[in-house]
Every structure is written in C-alpha cells, then in structure tokens.
Amino acid sequence: MHKLAKFMGITLLVAGLAACDGKTDDKTASADKGATPAAATTTQQVSLLNGKLAFSLPQGMSDQSGKLGTQANNMHVYADKTGQKAVIVILGDSTPDSLEVVANRLEQQQRDRDTNLQVVTNKSIQVNGQTLQQYDSVINAAGQKAYSSIVLAKIDNQLMTMQITMPADNQQQAQTDAEAIIATLKVQ
C-alpha cells in the first residue's frame, strides 16, 4: 500500500508539473493538425527488466530518471522538456491481488483526491499473450486537466505500473498519443 501511495504522489507531481507550465505550445498544435499519431514519428526504444518489458517513446521525450527517480528505487521517468508529457514506469513487489483489483484501488484513491475525476476506461488488454490492465482517466490538478493512462502488469514476480500523462486540453489527442505508446508495449 505504501508503494501505491508513493505512485499516486508521483502522479500528482507530474500533473502538477504539467499544470505549472500554464502555456500552450501553439507551434506544436498547428503542426499536429493532420499529423499522424506519435508512434509514426521518430521514436526511442526503451527496454527494462533485461528486455522483458519494452516500449517506444515518441519524439521529444527522454529519460529523466536521474531527476525524479533512480534505477535503485525501480522508478524510470521519461518526459518532454516541459514535463507536460511523461511516462513513468515503477517496478514494485508483486501482489496477490488481481490487476483489476489494483486498478480499482487506484481509481478509488484518485476519486478521494479529485471529486471531478473522469474515468475513460478500466479494461483488460492483451499484450504478447499476457493479460494487462489499462485504466485511463482525466485528472484535475491546480486547475489544469491531465489525461492519465495507467497500464498494470505482473512481470517476473514484480508489479509493473506504467503511467502515461498528457495534457488534456485536447482529450482526444491526448488519448491517441497515450494509445500510440501503449501500442508499442511488448511484454515477455
């Protein structure tokens, strides 16, 4: 439960960083009109757990683990320069609970912090023949909305939590960008 609370704290930190920026990137917004999803642009491959977990980051995101996490605490942080777009991967102790139960617990904790929480989806997904849990929501922090997509998996006797956070000014685009990252996910 302590690790779950730590994860939620990090979630709020990322949402807070996104909210602190307070500006929109009009150049990016105009360039994205008619653009293909993030996965179609240049990507950076990430591999964790000796290759048992892999995914691609969209262009503009890089490893920020030294700033917010370390290899020692099994937290990996990838973000863009503004901190508005982030992927956080936490590798923690496994739990006897099902992934659905863990996702429902995350939802309840978010509801306790954000009465305006909007749940987009909470479903099982299949990745390389393994069942993972995907929980997407729109959270509010400091008056700003952030789209959050959380993927849970049990890998190598560890609970893997991947949170993708995007600005929710354009919820459809944020969802598309998060799905593009999830589509590159490989689990062995």
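What follows is a short tour of labels and the values behind them.

Visitor: What kind of model is this, and how are residues numbered?

Guide: This is a predicted model: local features need pLDDT of at least 70, side-chain atom pairs count only at pLDDT 80 or more, and totals for chains, interfaces and linings use all residues. Residues are numbered from 1 along each chain as its sequence is written, and side-chain values use heavy atoms, with hydrogens and water left out.

Visitor: What is the average pLDDT of the protein chain?

Guide: The chain averages 80, where pLDDT is the predictor's confidence in each residue, from 0 to 100. A score of at least 70 is reached by 74% of the residues. Over residues 1-9 the pLDDT is below 50. That stretch has 17 contacts in the model beyond near neighbours in sequence; a contact means heavy atoms within 4.5 Å. Residues 11-40 also have a pLDDT below 50, with 31 such contacts.

Visitor: Why is Gln-64 called buried?

Guide: Buried means under 20% relative accessible area, exposed over 50%, and partly exposed in between (1.4 Å probe, protein chains only). Gln-64 has 17%, so the label is buried. Gln-64 sits in the loop between β3 (62-63) and α3 (65-68). Helices (H or I, at least four residues) and strands (E, at least two) are DSSP runs, numbered from the N terminus.

Visitor: What does Gln-64 touch, leaving out residues up to four places away in sequence?

Guide: Gln-64 touches Val-77, Tyr-78 and Ala-79.

Visitor: What makes the link between Gln-64 and Ser-62 a polar contact?

Guide: The rule asks for a pair of N or O atoms within 3.5 Å; within protein, one must be able to donate a hydrogen and the other to accept it, and residues adjacent in sequence count only if both atoms are side-chain atoms. The side chains of Gln-64 and Ser-62 are joined at 2.9 Å.

Visitor: Is Gln-172 buried or exposed?

Guide: Gln-172 has 53% relative accessibility, so the label is exposed. Gln-172 lies in helix α5 (residues 171-183).

Visitor: How many aromatic pairs are there?

Guide: Rings of Phe, Tyr and Trp (its six-membered ring) pair if their centres lie within 6.5 Å; planes under 30 degrees apart count as stacked, over 60 as edge-to-face and the rest as tilted. The count is one aromatic pair. Phe-55 and Tyr-78 have ring centres 5.9 Å apart and planes at 80°, so the pair is edge-to-face. Phe-55 is in strand β2 (residues 53-58) and Tyr-78 in strand β4 (residues 75-79), 23 residues apart. Phe-55, at 0% relative accessible area, is buried. Tyr-78, at 4%, is buried too.

Visitor: In what order do the seven strands of the open sheet come?

Guide: The order is β3-β4-β5-β9-β8-β7-β6, with antiparallel pairing.

Visitor: What makes β3 and β6 (118-127) edge strands?

Guide: Each pairs on one side only.

Visitor: How many bridges join β6 to β7?

Guide: Nine bridges join them, and the strands run antiparallel. Ile-125 stands opposite Leu-132 in β7. The two strands form a hairpin with two residues between them. In the turn, Asn-128 has a positive phi of about 50°.

Conventions: Two strands pair if DSSP finds at least two bridges between them.
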